[in-house]
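This briefing is intended for reading alongside the sequence and the coordinates.

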Amino acid sequence: MSDAHKSDLLLVVVTLLAAISWMFSKEAVLMMPPLMFMAARFLIAGGVLAVIALPALRRLDADQVKRSMGVGLVFGIAMSCWIMGLFHGDSMGEGAFLTSLGVVIVPIIARVVFGESQPLSTWLAIPIAVAGLALLSLENGFRPDPGQLYFVVAAFIFALYFTLNTRAANQRTVTNKRGETIEKRKVPALPLTALALLTVGLVTLVESAISEPWAPTLNNPPPILLVWVLASAVVGTAGRFLLQTYAQSLSVHSHGVVILVLEPVWVALFAAAWFGETMSALQLAGCGLIFMALLVNRWNALSRAIKGFLKPAKTA
């Protein structure tokens, strides 16, 4: 098996781990405050990755640390909205599709905030995604429930996080206010991820300390709760991001941007099997349109992937 095919296969596993993590998280927030859970999950996951990345962390300069923590701050706000959506929402499958809108919004953020040009497929995907959102809202007579609103807000902030994360992970040349050209060194993926996850843990820890009661959970925690927290931290967060980083390092021609849109599909399937969730016809139609928007948004990568798979067959 070639490295490129191995990378694609591992990324499919990444989407499965991400989807399973939704189940672990839902189980955990049924037994403890949501922000408290996020703090525990990300501090554990960030700590695991920080130990692995310790030599690389020591080589970072102050600017790299600052940018990594800035990425984590935005990520932390996004995850806070996401977990509140999971806590208040009735459908994990629907929430996964709403959160996946971040993929469609990323190019918009890059264009509006950073002035980066975008392909036509981006602008074609937007009205399809809006139509999907409209169908999901029709279920309540154009009165979205709190869970839906949290997921949509999370999607917008995730889009900003994805953009900042990409910029931090790549070498860039910028011009400061005095007209001087400054080289921004890229932050290696592993220490960047470790610092970002630890920052998420600190952000949600502060939020939880301000707004949530800890005593009921700490005084008499159900034994199974520790299982869900550790599974979310080690498997769904540290393991997932480590595997994703490794998979993306195997091949520059990986079709990961397409493969990763499988996550909401897996979540919907697992939610149906795990919690017995069902969706109405309108909800299914809305999720279907959002998934179509993801594919349209990633059409260039999708077409390259199809050509890549067809080429060996033609050669044979």
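Which residue's side chain meets that of aspartate 61 in a salt bridge? The partner is arginine 185, with an N to O distance of 3.2 Å. The model is predicted, and it holds three salt bridges.

- Aspartate 61 belongs to the loop between α3 and α4, and arginine 185 to the loop between β2 (181–184) and α9 (189–211), so their pairing ties together parts that are 124 residues apart in sequence.
- Aspartate 61 has a relative accessible area of 28% and is partly exposed.
- Arginine 185 is likewise partly exposed, at 42% relative accessibility.

**Salt bridge between Asp63 and Arg67**
- The side chains of aspartate 63 and arginine 67 form a salt bridge at 2.9 Å, N to O.
- Both residues are in helix α4, four residues apart, which is about one turn of the helix.
- Aspartate 63 is partly exposed because its relative accessible area of 28% falls between the cut-offs of 20% and 50%.
- Arginine 67, at 13% relative accessibility, counts as buried.

**Salt bridge between Glu263 and Arg240**
- Glutamate 263 and arginine 240 meet through their side chains in a salt bridge of 3.7 Å, N to O.
- Glutamate 263 lies in helix α13 (residues 263–275) and arginine 240 in helix α11, so this pair ties together parts that are 23 residues apart in sequence.
- Glutamate 263 is buried, at 19% relative accessibility, and arginine 240 is buried with a relative accessible area of 19%; both count as buried because the cut-off is under 20%.

**Nonpolar core**
- The largest nonpolar core comprises 68 residues, and those with the most contacts inside it are Trp22, Phe37, Phe75, Met79, Trp82, Ile83 and Phe158.
- Helix α4 (residues 62–88) supplies the largest share of this core, with 10 residues.
- Beyond residues up to four places away in sequence, phenylalanine 158 touches Phe75, Ala78, Met79, Trp82 and Thr99.
- In soluble globular proteins, nonpolar side chains tend to be buried together.

**Other buried positions**
- Serine 232 is located in helix α11 (residues 223–250) and is buried, at 0% relative accessibility.
- Leaving aside neighbours within four places in sequence, serine 232 contacts Ser21, Phe24, Ser25, Phe37, Arg41 and Thr237.
- Alanine 56, in helix α3 (residues 54–58), counts as buried at 16% relative accessibility.
- The C-alpha atoms of alanine 56 and valine 187 are 9.5 Å apart in space, although the two residues are 131 residues apart in sequence.

Conventions
Residues numbered from 1 in each chain as written. Predicted model: local features only at pLDDT ≥ 70, side-chain atom pairs only at ≥ 80, totals over all residues. Heavy atoms only, no water. Core = buried A, V, L, I, M, F, W, Y, C linked by side-chain atoms within 4.5 Å. Buried < 20%, exposed > 50% of the residue type's maximum accessible area, 1.4 Å probe, protein only. Helix = DSSP H or I, 4+ residues; strand = E, 2+ residues; numbered from the N terminus. Contact = heavy atoms within 4.5 Å. Salt bridge = Lys/Arg side-chain N within 4 Å of Asp/Glu carboxyl O.
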